[in-house]
Amino acid sequence: MTSLRIMVLSVGVAVGVFLPFVAVILAELGFSPSAIGLVFALGAIAFTVAVPAWGHLADVRLGRPRTLQVGAVGAAIVLLVLLGSWPRPVVAILFVAFWVFESSWQPLSDAMTVNALPGRGRGYARVRLLTSFSFAVGTVAAGLVFDRTGYRPAFVIAAVCALAMAIASAGIPDIARADLSALRSTLSAEGPARGGPAGHRTWHFGSAGVALRVAPRLGLVLTAVALVHVGVISGNTFLGLRLVELGGGPSAVALSAGLSAVAEIPAMLVVGWAASRIGLRGLFAGSASIYAVCLASWAIADAPGLIIASRLLTGLAFAGLVVSVVLTIATLLPSDLQATGQTLFQMTAFGVAAIAANVVGGFLYGSVSPAAAFSLGALMAVVGAVVGWFVLPGVTQRA
């Protein structure tokens, strides 16, 4: 369990010292809001393509720890290369490459956590809160440092943490790899009762196709996830820019992200209890609704302090979204397809949804108003909450 804890702590710090600052880093390098949205959208496209490939490699080919090591070391190399002076198109390409490798971090660490814990993820929330804790500490501390140094140390710190993640993952026992041929044979024999006739076209999509056949409801769950995360990503991408426009600096951006992560820490324990009482569907829908309210408030708020204070609620909501979806996948899929399932979650939330959020949100933010971008995000979160209520499972074991 020590290696597991070091791994999830490393994920939090690596993400926390870098990702909350990417938009303002790009702005300092001369990127406009629409160009920043485009870079994020290109990264989301790469993320969308890469994530299911990571899941297939982890469940079928390399195993979960080794696949995470490839993603962590690859990201560290890209981060260090970004320290050089490059033309803006090259910078954009390097950021996209980073997102390809970084896309492996959270889904594979989630899959390894779920498989390492008893009872298919029982106690997941208590382990996941370590990521929230290290993210919060890393982000706030980084913001204070960046006020004095600028953003260059972010690349080094994130790279070091990625390497620590790779080393720690080597100490986590893996489970057997998925036998897709056996799963396909079983599903073909069972026919429509388990997701459709034999020879269904999802066979062409490796372990992702098999997962969707094993759990037909998973596609509907991912639809709800995509809708909600259009709003979540809109906030993540453009809130830092909004705070800077309203007079905040790196410490304000860091405090915003850090406060949200701080709220996730106790929230992870609370939502674990709530999931056993109101069900995963109630937890998901309620969390999405809270996020929608916060997004709507950002459309009208013009004081950095009020926006930052609202991040306590987004931390609570994000914890609920993560736990409800991770445990839904743990419920719907067998252990040997958990990496695939968790990568499908990440692909949908931070890939497919991010493409729409960053392209449309970037246009609205730069050409219409920040309020238009945040209002669209709020609307999508409400629609996602409604869909999630009908498609996620009901009461489950304590998280």
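Me: Which helix does glutamine 338 lie in?
Reply: This is a predicted model, so take what follows as read from it. Glutamine 338 belongs to the run covering residues 338-368. That run is helix H15.

Me: Is glutamine 338 buried or exposed?
Reply: The cut-off for buried is under 20% relative accessible area. Glutamine 338 has a relative accessible area of 0%, so the residue counts as buried.

Me: How far apart in space are glutamine 338 and methionine 112?
Reply: In sequence, glutamine 338 and methionine 112 are 226 residues apart. In space, going C-alpha to C-alpha, the gap is 8.3 Å.

Me: What distance lies between the end C-alpha atoms of helix H9, and what span should its residues give?
Reply: H9 runs over residues 152-169, which makes 18 residues. At 1.5 Å a residue they should span 26 Å. The model agrees with that, because the end C-alpha atoms are 27 Å apart.

Me: Which residues of H9 are buried, and what covers them?
Reply: The buried ones are Ala154, Phe155, Ala158, Ala159, Cys161, Ala162, Met165, Ala166, Ala168 and Ser169. In an α-helix there are 3.6 residues a turn, so residues three or four places apart point the same way. As for the cover over the buried residues of H9, it includes H1, H2, H4, H5, H6 and H8.

Me: Why does cysteine 161 count as buried?
Reply: Buried means under 20% relative accessible area. Cysteine 161 comes in under that cut-off, so it counts as buried, with a relative accessibility of 13%.

Me: What about cysteine 294, buried or exposed, and how many disulfides are there?
Reply: Cysteine 294 has 2% relative accessibility, so this residue counts as buried. A disulfide needs a pair of cysteine sulfur atoms within 2.5 Å. By that rule the number of disulfides is zero.

Me: What lines the largest cavity, and which helix gives the largest share?
Reply: The lining has 45 residues, with Val15, Leu19, Phe135, Asn236 and Phe350 nearest the centre. By type, the lining of the largest cavity splits into 26 nonpolar, 14 polar and five charged. The largest share, eight residues, comes from residues 218-245, helix H12.

Me: Which elements give two or more residues to the lining of the second largest cavity?
Reply: The second largest cavity holds about 30 Å³ of space. Its lining is Val8, Gln106, Ser109, Asp110, Thr113, Tyr124, Val127, Arg128 and Thr131. The elements giving two or more residues to that lining are H6 and H8.

Me: Which residues lie nearest the centre of the largest pocket, and what is its volume?
Reply: The lining of the largest pocket has 15 residues, and Ile25, Leu29, Leu82, Arg152 and Phe155 lie nearest the centre. H2, H5 and H9 each supply at least two residues of that lining. By type, the lining divides into nine nonpolar, four polar and two charged. The volume of the largest pocket is about 270 Å³.

Conventions:
Residues numbered from 1 in each chain as written. Predicted model: local features only at pLDDT ≥ 70, side-chain atom pairs only at ≥ 80, totals over all residues. Heavy atoms only, no water. Helix = DSSP H or I, 4+ residues; strand = E, 2+ residues; numbered from the N terminus. Expected span 1.5 Å × (residues − 1). Buried < 20%, exposed > 50% of the residue type's maximum accessible area, 1.4 Å probe, protein only. Contact = heavy atoms within 4.5 Å. 1 Å grid on protein atoms, 1.4 Å probe; cavity = no way out; pocket = protein on both sides within 12 Å on 5 of 7 lines; lining within 4 Å. Nonpolar A, V, L, I, M, F, W, Y, C, P; charged D, E, K, R; others polar. Points joined across faces, edges and corners; volume = space filled by probe spheres on them.
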